Amino acid sequence: MNVAGADRNRRLITAGAGTALALVMGLALLAGFRLATQIRSSITALQTASELQTYPSVLTQQLTALRQRLETREYTGQAHEELAGTVARFNSDIRRLTKRSDGQSPQLQDAARMWQAYRPVLAPILAFSGEPYIDTDSGSSLSDGGKMYYGDVRQAQLLAKQNVGRLHRLLTAVTDSLEEQTSGAAARLRELLSGGVLAALVLAAAALYLQLTRARHERVAREAQEQTRDILKTVREGFFLLDADYRIGTVWSEALTHIFGRSDFAGLSFEKLLEDRVPPGTLATAVKYIKLLWGDRAHENLMKSINPLGQLEISMDNGRGGKETRYLQFDFHRVVGPKGGVKHVLCSVGDITSNVLLAKELQEAQENANAQVDMMVGMLHVDPLQLGSFLDTTETGLRLINAILKEPARTDAEFRKKLGGLFRELHSIKGEASALNLMSIAHRVHHLEDTVGELKKKAELSGNDFLPMVLKLDELLAHLRGVREMATRLTALKPGAGSTAEPAAAPSRPTGAHTVRRSGEDLSPILQALAEKLAKDHRKSFRLSLSGLADVPAAYLATVKDCVIQMLRNSAVHGIEPSEARRVQAKADVGAVRVDFRRSSEGYELMFEDDGAGISPQLLKDAAVRKNIITAAEAASMDTRTAMALVFRPGFSTQDEVTMDAGRGVGMDVVARTVYGLGGKIGVSTNPGRFTRFKIVLPPAGEARSGERADRMSGPQGLPPGMASGVA
Amino acid sequence: MIGSQKNGSGVRRSLRLLIVDDSNIMRRRIERSQQFEELEVVGTAANGIEALEIFHKTDPDMVTMDLTMPQMDGIECISKLVQLKPAVRILVISALADKATAVEAMERGANGFLNKPFTDRQLNEAIAELMS
């Protein structure tokens, strides 16, 4: 219902009816006043006429009485006076009647004319004065004057007697006419008064009706207002209208106050509402979108589909002096005015944070479930012995990390040294996990590395900064326990489980810092699997040839594995070129990576070689300058050999972007440190565009320094002394 | 309905459509999939500059516009087309799914937005909406 329109109509009707009734009443009163005046005049005339009606006979009687007195010589003074009075009243009354504008009836005119005829006859009588008698001895007799007087009286009496009937009838007719006039006017007045009363009743009824209608409308409007207020108070979404200047109107739902933590919305521009809460780019897009809503270029559906604020991440005060991220959903609807065209835009905004977080949780749970399945599938392809070995080694590694975290440290340098140690250990674990395709572990470790990376960027470090690490470490340990449990179950399912002398079904938990390994453990499947994965991940094509790895003594197994994994990653990311690039250089499409382990005069020798792009000393120097490892001046004065040694520096990487396999700058320094820790040597030789070759020399197994993993966490920060490098 | 006016001889005039996309396959797909008899494909262009040249020659009523193209991208091309002919109706067909790009295109003067990949039905619905 159009309340405003109905209200306007009601007011118009009220005013019209009121005016009409007032006019009617006014006219009725005016007419009534005139009629009343007329009636009053008629009544006066009627009284006059009634009196006049009696005069002819009175006059006749008085003339007769006067004549008799004259004849009997009685005193005539009083009779004369009475006659004179009657004539005077007759004159006066008939003049008054004839003066009335509405009293000119023919009878009155006839009566007036007849009265005129009386005048000359009566005039000498009225003019007589003196004594009409003469007293003599014989008695009184008429004097001369008296005789004339008597004669006049007798003549007048005769005239009066003659005309009394007619004059009386005429005057009676005048009276009747006046009576008729008066009663007619009275009847009209009655009608008028009845009409007036009726009009007054109608007016009163109309006023009552309008009052009732108005009260009803007011009640309806009040109820509507209350309902609107209740809706706006109760609804969970924030509602408001935007005007053509993109400003919020004067009415909004209470939820808006809770959503935005403010209440001064009236007149606030939409831009101001979101300012400082969303990134500038998002704000600009939002403002553009709002402007588009006022145009008619796009349909409602299209505008809805391109709404950039359907899920808006917004930064809000959390009431404790900090910020929190919330997600808001804005919807916009055009409000079209009566003449077409957008009058307002209705905005609804809801806090969908819990929905979004739930969706994220669901997605994470889904991803976790998928990862579990992937891992289970992956684990089915992993040799139980390798898996057990990995889990043992990783747990040992994590214990080492725990030990590092617990190491007392006060200075920033000590904290940074801790970070370096953590980084290298985590990187090593990640490499092994990737090699075994245990990506759920690799990803978790990658995230831990991210945390360490963030800490490294901090200007100042304190013990509290390491607390998040501890939590994540706990989570990783819990995950490892889950993996171990799953491995146990899987192994139990595998045919032949438990038939071997040393079942892998229950990989033993390490009892100390070291794990006793079986000699001759075959690293080939892990490395081949890793090579395959790296080739796929980095879209490279290369073949990995392994030889002599079955002869790796147990003491060096982990070291050789870690080193080869790291060098394999380097080859996949930096060394081997894409097939197209290789073709241009007249190389075989498929690259070659060769790993050879053998006994030597010094103990053992591990050779790792790829036929990739080689290492450019200049590129190394550029990258080192970019990473602030050396200064530009140092780079300029650095010889090739020293430049090549940069690959063994902690934090060095030629890659700027961090990925699962490269870019963190831990890798070759881990290899070098491990080798050095065992009392070995490492060297690199390269021919840019042709090959890169790492040669690691390890002492005989019995002479190796104890605690291989622990050792790689310690040692000087500079170049390991047993290192050689060069460019072929 | 725009463009479906009759000329002096009373013959119904077709709506002229220009297809702009850097992918030949996509251009052919749009041309083949649209099912409107009153639409006449008057040209196809592989980039913004080519689109402007063909636009000058054929004066189309409607344009389907890719956004990511070499030489002159779709957003810039939309601005120029709208300057040349404000009444032209432009349907953006792009793989850029973010809302900000869509809003930007609409602000420059596009009238519709369709994400790649799309079905024939979605294409025809988007064109129908553009024609209404």
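A crossing of two helices is left-handed if the near helix is turned anticlockwise from the far one by less than a right angle. I needed that for my first entry. I also note that this is a predicted model.

**Entry: two helices of chain A**

I looked up helix α3 (residues 106–127) and helix α4 (residues 144–234) of chain A. They pack at an angle of about 165 degrees. Their axes lie 9 Å apart. Angles over 145 degrees count as roughly antiparallel, so α3(A) is roughly antiparallel to α4(A). I then checked the hand: the crossing of α3(A) and α4(A) is left-handed. Next I sorted the residues in the contact of α3(A) with α4(A) by class. I noted 17 nonpolar, four polar and three charged residues.

**Entry: the sheet of chain B**

I turned to chain B and its open sheet of five strands. The order I wrote down is β2-β1-β3-β4-β5, with parallel pairing. Which strands stand at the edges? They are β2 (39–45) and β5 (112–115) of chain B. Each has a single partner strand, so one side of each is left without a neighbour in the sheet.

Then I followed one pair. Strand β4 (residues 89–94) of chain B runs parallel to β5(B), and four bridges join the two. I looked for the bridge partner of B:Leu91 in β5(B) and found B:Gly112.

A helix packs on this sheet: α5 (residues 120–131) of chain B. It touches β1 (15–20), β3 (62–65), β4 and β5 of chain B. The direction of α5(B) makes about 175 degrees with that of β5(B).

**Entry: where the chains meet**

How many residues of chain A are in contact with chain B? I have 11 residues of chain A in contact with 10 residues of chain B. On the chain A side, helix α7 (residues 280–293) gives the most, with four residues. By class, the chain A side divides into six nonpolar, three polar and two charged residues.

**Entry: one serine**

Last, I picked A:Ser263. I found A:Ser263 in the loop between α5 (254–260) and α6 (270–274) of chain A. Is A:Ser263 buried or exposed? I counted 11 C-beta neighbours inside 10 Å. A residue is exposed if that count is 12 or fewer, so A:Ser263 counts as exposed. I also checked A:Ser263 against A:Trp252, 11 residues apart along the chain. Their C-alpha atoms are separated by 9.6 Å.

Conventions: Residues are numbered from 1 along each chain as its sequence is written. Chains are lettered from A and ligands numbered from 1 in the order in which they are written. This is a predicted model: local features need pLDDT of at least 70, side-chain atom pairs count only at pLDDT 80 or more; totals for chains, interfaces and linings use all residues. Two strands pair if DSSP finds at least two bridges between them. Two residues are in contact if their C-beta atoms, placed from the backbone, lie within 7 Å. Axes are lines fitted to C-alpha atoms, for helices over the stretch in contact, and angles run from 0 to 180 degrees between N-to-C directions. Ala, Val, Leu, Ile, Met, Phe, Trp, Tyr, Cys and Pro count as nonpolar, Asp, Glu, Lys and Arg as charged, and the others, Gly among them, as polar. Angles under 35 degrees count as roughly parallel, over 145 as roughly antiparallel, 65 to 115 as roughly perpendicular and the rest as oblique. A residue is buried if 20 or more other C-beta atoms lie within 10 Å of its own, exposed if 12 or fewer, and partly exposed in between; C-beta atoms are placed from the backbone.
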